[in-house]
Amino acid sequence: LFLEKTVALYCEGRLKFEDPPFLLACYYLSVAGGFACLVLCVWLSMYASICSHSFGVRLLTRYVRLPIPGEEQLDALNARLGDFEAQGNNMLHVPFTGDQQAWH
């Protein structure tokens, strides 16, 4: 709204009342300074928004994502038939039955 009124004032160049020229000069300078500050604030806020979004994307892609395991790591986690057979009598054990029902 301020930008629109400022541009309209500078494009049309008229005021309703006739004022002394030195007051008009001060008024035009203050309006131009406010216009420049507002444009600078909008530009810097857009720059800050772009920077924060790019940093958020960087966080999501680099620092937060877990590393993908390699083939050796996956092979180390696989269960082997020998490990299952090494259990002996516990292969056919029914869960939650027997003597050990306490939490450890």
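Leu40 sits in helix 2, which spans residues 21-63. The model is predicted.

Me: What secondary structure does the protein have, and in which order do the elements run?
Reply: The protein has zero strands and four helices. Every element in the order is therefore a helix, given those counts. From the N terminus on, the order is α-α-α-α.

Me: What percentage of the residues in the protein is buried?
Reply: Buried means under 20% relative accessible area. The protein has 104 residues. It exposes about 10000 Å², with 66% of that supplied by carbon and sulfur atoms. The buried share of residues is 4%.

Me: Is Leu40 buried, partly exposed or exposed?
Reply: The relative accessibility of Leu40 is 42%.

Me: Which residues form a nonpolar patch on the surface?
Reply: A patch residue needs over 30% relative accessible area. The patch has about 340 Å² of accessible area in total, and its members are Leu40, Trp43 and Leu44.

Me: How far is the nearest cysteine sulfur from that of Cys41?
Reply: The structure holds zero disulfides. Cys41 is in none, and its nearest cysteine sulfur is that of Cys37. A disulfide needs the two sulfur atoms within 2.5 Å. The distance here is 6.4 Å.

Me: How do Cys41 and Cys51 count: buried, partly exposed or exposed?
Reply: Cys41 has 48% relative accessibility. For Cys51 the value is 33%. Both values lie between 20% and 50%, so Cys41 and Cys51 count as partly exposed.

Me: Which residue's backbone oxygen lies 3.4 Å from a polar atom of the Thr61 side chain?
Reply: Thr61 has its place in helix 2. At 41% relative accessibility, Thr61 counts as partly exposed. The backbone oxygen at 3.4 Å from its side chain belongs to Arg58.

Methods. Residues numbered from 1 in each chain as written. Predicted model: local features only at pLDDT ≥ 70, side-chain atom pairs only at ≥ 80, totals over all residues. Heavy atoms only, no water. Patch = residues over 30% accessible without salt bridge, like charges linked within 9 Å, V, L, I, M, F, W, Y side chains within 5 Å. Areas by Shrake-Rupley, 256 points an atom, 1.4 Å probe, with all protein chains shown as cover. Salt bridge = Lys/Arg side-chain N within 4 Å of Asp/Glu carboxyl O. Helix = DSSP H or I, 4+ residues; strand = E, 2+ residues; numbered from the N terminus. Buried < 20%, exposed > 50% of the residue type's maximum accessible area, 1.4 Å probe, protein only. Polar contact = N/O pair within 3.5 Å; in protein donor to acceptor, adjacent residues only side chain to side chain.
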